[in-house]
Amino acid sequence: MLRSTGFADAAAIRYFSLGRHALAAGLEALAVGKGQFVLVPEYICRDLLASVHAVQAEPIFYPVNRSLAPQSLPAVQNVRAVLAVNYFGFPQELEPFRAYCAERGAILIEDNAHGFLSRDAQGKLLGSRGDLGILSLRKTFAFPDGAALLLNRQDWIDRLPEPLPCCDKPLPASTVI
């Protein structure tokens, strides 16, 4: 069951330097890998594809229209995950993705790299509406790095990697913030 509390459950959040590393860790934690497919929109950052390849899964592209909504989702066997992107921080309508995932037993990943703290029309924080959420704090704030993986299902929390220890070392003087 999906949580409805947004980012309130700190046990379900893991922090990373980059969103692509958060995505790869999320895919790995949910056993997405070799011989499986991840649906991704045709309009996508190439760095995200590296995350899919890092777990040895294969991306399958789905077409999007001029509004960046999916035109269709391919009926392919072994689709393990579906990526829905909140382009430029605007909420993607998730119902077509939810229906597809429910029909095929796939994981819904909400890529919210460009919309940290944005909400949908019902007031839900973007990144908290799918099974997994990806956030990129560094694209909202002047941080040299910073991303998060949100696991929005209580029953999967034990699959997450252990959190990294806090680091309180100062940034190098060459870091521009």
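Me: At what angle do helix 1 and helix 2 pack, and how far apart are their axes?

Reply: In this predicted model, helix 1 (residues 19-29) packs against helix 2 (residues 46-54) at an angle of about 25°, and their axes are 8 Å apart.

Me: Why is helix 1 called roughly parallel to helix 2?

Reply: Angles under 35 degrees count as roughly parallel, and the angle here is about 25°, so helix 1 is roughly parallel to helix 2. The crossing in which helix 1 passes helix 2 is right-handed.

Me: Which residues of helix 1 and helix 2 meet?

Reply: From helix 1 come Arg20, Leu23, Ala24 and Leu27, and they meet Asp47, Leu48, Ser51, Val52 and Ala54 of helix 2. Sorted by class, this contact of helix 1 with helix 2 has six nonpolar residues, one polar residue and two charged residues.

Me: What makes helix 1 count as mostly covered?

Reply: A residue is buried when its relative accessible area is under 20%, and eight of the 11 residues in helix 1 are buried. The buried residues of helix 1 are Gly19, Ala22, Leu23, Ala24, Ala25, Gly26, Leu27 and Ala29.

Me: Which residues have the most contacts inside the largest nonpolar core?

Reply: That core has 44 residues, and those with the most contacts inside it are Leu27, Val38, Leu39, Val82, Phe97 and Ile109. Strand 4 (residues 79-85) gives the largest share of this core, namely six residues. Another core, of five residues, lies apart from it, and among its members are Ile13, Phe116, Leu135 and Leu150. In soluble globular proteins, nonpolar side chains tend to be buried together.

Me: What is Val38 in contact with, leaving aside its neighbours within four places in sequence?

Reply: With those neighbours left aside, Val38 is in contact with Leu27, Val32, Val52, Ala57, Glu58, Pro59, Ile60 and Ala81.

Me: Why does Ala31 count as exposed?

Reply: Exposed means over 50% relative accessible area, and Ala31 has a relative accessibility of 53%, so Ala31 counts as exposed. Ala31 has its place in the loop between helix 1 and strand 2 (37-41).

Note on methods
Residues numbered from 1 in each chain as written. Predicted model: local features only at pLDDT ≥ 70, side-chain atom pairs only at ≥ 80, totals over all residues. Heavy atoms only, no water. Axes fitted to C-alpha atoms, helices over the stretch in contact; angles between N-to-C directions. Helix = DSSP H or I, 4+ residues; strand = E, 2+ residues; numbered from the N terminus. Parallel < 35°, antiparallel > 145°, perpendicular 65-115°, else oblique. Left-handed = near helix turned anticlockwise from the far one by under 90°. Contact = heavy atoms within 4.5 Å. Nonpolar A, V, L, I, M, F, W, Y, C, P; charged D, E, K, R; others polar. Buried < 20%, exposed > 50% of the residue type's maximum accessible area, 1.4 Å probe, protein only. Core = buried A, V, L, I, M, F, W, Y, C linked by side-chain atoms within 4.5 Å.
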